[in-house]
Amino acid sequence: MALQISPTFWKILPELRYEPTPRRIRAQLGNTTVVDSTHALLAYEPRRVTPLYAVPDRDIAAELAAAEAPEQDPLAAVPPDALMDPRYPFAAHTAPGQVLDLRAGSHELPGAGFRPVDPDLAGHVLLDFAAFDRWLEEDQEVRGHPRDPFHRVDAVPSSRSVRVHLGGTLLAETREPLFVYETMLPPRTYFPRNDVDWDVLSSSLKHSVCPYKGTASYWSVTDRAEGTDLAWSYETVLPDSAPLKDLVSFFDERTSVYVDDVRQDITSLFRF
């Protein structure tokens, strides 16, 4: 019997997973390099869909000490069926292990380390990405979270007709869409700015960072609660995602999207 690959990824999600990386990994606090390793792992705690860096003890220029147990387990606030992306705190550990405090000179990072109880990760410490000021892979800064080597972002130009509505309001319509196919995420349509109705959009204060695409700004549909932070654009892009620069996309799951006049069902496009 043939094996479909994507459901297999989801089946191992409840396991503690790891993958070695040959890249030099560094973490900095201010101008001080606290982590410098060429033997790091990318580690995924159970239910987490993005990796963390796990580095050997010897490559951490900080004191490591067992942390005191918190009054309330941070995992208690996580729904039992949640897929844990970077919005969930590092402190919500789903694997057995020891939480560690780090001290590097005048810098104290409570709970920023975690030593899992697993022989394959023996001698390695998982590190809280957000606890450090700057991360580097070789000499390139990494923002948001560590990059997954099994993750792709493909931007494919098309001449198909696409339009997007919120209720009865047309937000954008184009014959020059850029379809973006990203591993384990629903497809997205990116519109040229000239094909977006800016009269119905207002600038938002929200910004987000993607380690694969860049930094995004957001817009909301004016005077519509369901339209809050509905559209975004990568005005600062990473080299591999240059085609996305200044194009605009909308959340398909909160709008009605038509491709060649056929309404799209996001559940059928993204089902495992």
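Okay, let's start in strand β9, where Leu 126 is the bridge partner of Phe 114. Keep in mind that this is a predicted model.

So where does that pair sit? β9 covers residues 124-127, and it runs antiparallel to β8, with two bridges between them. Now go to the other pairing of β8. Strand β7, residues 97-104, pairs with β8, residues 107-116, also in the antiparallel sense, and here you get seven bridges.

A quick reminder while we're on pairing: strands of a sheet pair through backbone hydrogen bonds, either parallel or antiparallel.

Okay, on to the open sheet. Seven strands make it up, with antiparallel pairing, and the order is β12-β15-β16-β20-β19-β18-β17. Which strands stand at the edges? Those are β12, residues 153-157, and β17, residues 201-210; each has a single partner strand, so one side of each has no neighbour in the sheet. Direction ignored, neighbouring strands of this sheet are turned by 30 degrees against each other on average.

On screen, find Val 156 and look across to β15: the residue standing opposite is Phe 179.

And if you're tracing side chains as you go, remember that in a regular strand they alternate between the two faces of the sheet.

How values were computed: Residues numbered from 1 in each chain as written. Predicted model: local features only at pLDDT ≥ 70, side-chain atom pairs only at ≥ 80, totals over all residues. Heavy atoms only, no water. Pairing = 2+ DSSP bridges. Helix = DSSP H or I, 4+ residues; strand = E, 2+ residues; numbered from the N terminus. Axes fitted to C-alpha atoms, helices over the stretch in contact; angles between N-to-C directions.
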